Amino acid sequence: MSTVLVPMADAAETLDYGSTAFVIICASLVLLMTTPGLALFYGGLTRAKSILNMMMMSFGAMGIIGVVYVLWGYSMSFGTENLGVIANPFEKFGLSNMEPIYNSFGYEGYGNIPELAFVGFQLTFAVITVALISGAVADRVKFSTWMVFAPIWATLAYFPIAHMVWGGGILGGSGSSISG
């Protein structure tokens, strides 16, 4: 390694506090958008007798998807062992085998953040995606049914799409070309 590249190699292993703070602020804004933002918005759009149910769907999505995402969702979406449409759900099951410093952008110079901050950031998007569906089932679904539907939908629909688009899957543009 030449002397010019040595400082850059050392910088790649250090934590970027600015990028970390930015990711945490963005995660908190998305979480604020979900609860109470989406809960109050959907609660205001429904009949008076359904307000509590609609608000609890947003809060319930945050709780149940938070648990599911930590257990197998992050691993299915952003694991390194690609199984085609998903990554291996047991590779980082329960957030095991986490890297202390993680470059979520995949390029040098774009900031290294703790992998746990990246998990929190991506978790907020999983939560709000499921909570957005609650608006489509307003006044039609009981809360208990919603709590069964939410983790099933996230596991079968959101986690595979997240892997295919952002986790290194077939729709992410980083794989081989189909035409060539």
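Biologist: What is the chain doing over residues 54-74?
Modeller: Residues 54-74 are 100% helix and 0% strand, with the end C-alpha atoms 27 Å apart; helices (H or I, at least four residues) and strands (E, at least two) are DSSP runs numbered from the N terminus. This is a predicted model, in which local features need pLDDT of at least 70 and side-chain atom pairs count only at pLDDT 80 or more, while totals for chains, interfaces and linings use all residues. Residues are numbered from 1 along each chain as its sequence is written, and side-chain values use heavy atoms, with hydrogens and water left out.

Biologist: And how far apart are the end C-alpha atoms over residues 20-42?
Modeller: They are 32 Å apart, and that stretch is also 100% helix and 0% strand.

Biologist: Which peptide bond is cis?
Modeller: The bond from Thr 35 to Pro 36 is cis, with omega near 20 degrees, and Pro 36 lies in helix α2, residues 17-45.

Biologist: Switching to loops, where is Leu 95?
Modeller: Leu 95 sits in the loop between α3 (51-78) and α4 (115-133), and although it is not a glycine, its phi is positive, about 60 degrees.

Biologist: What about Asp 139, what is its phi?
Modeller: Phi of Asp 139 is near 65 degrees, again positive in a residue other than glycine, and this residue is found in the loop between α4 and α5.

Biologist: Why does Asp 139 count as partly exposed?
Modeller: Because its relative accessible area is 34%, and partly exposed lies between buried (under 20%) and exposed (over 50%), using a 1.4 Å probe and protein chains only.
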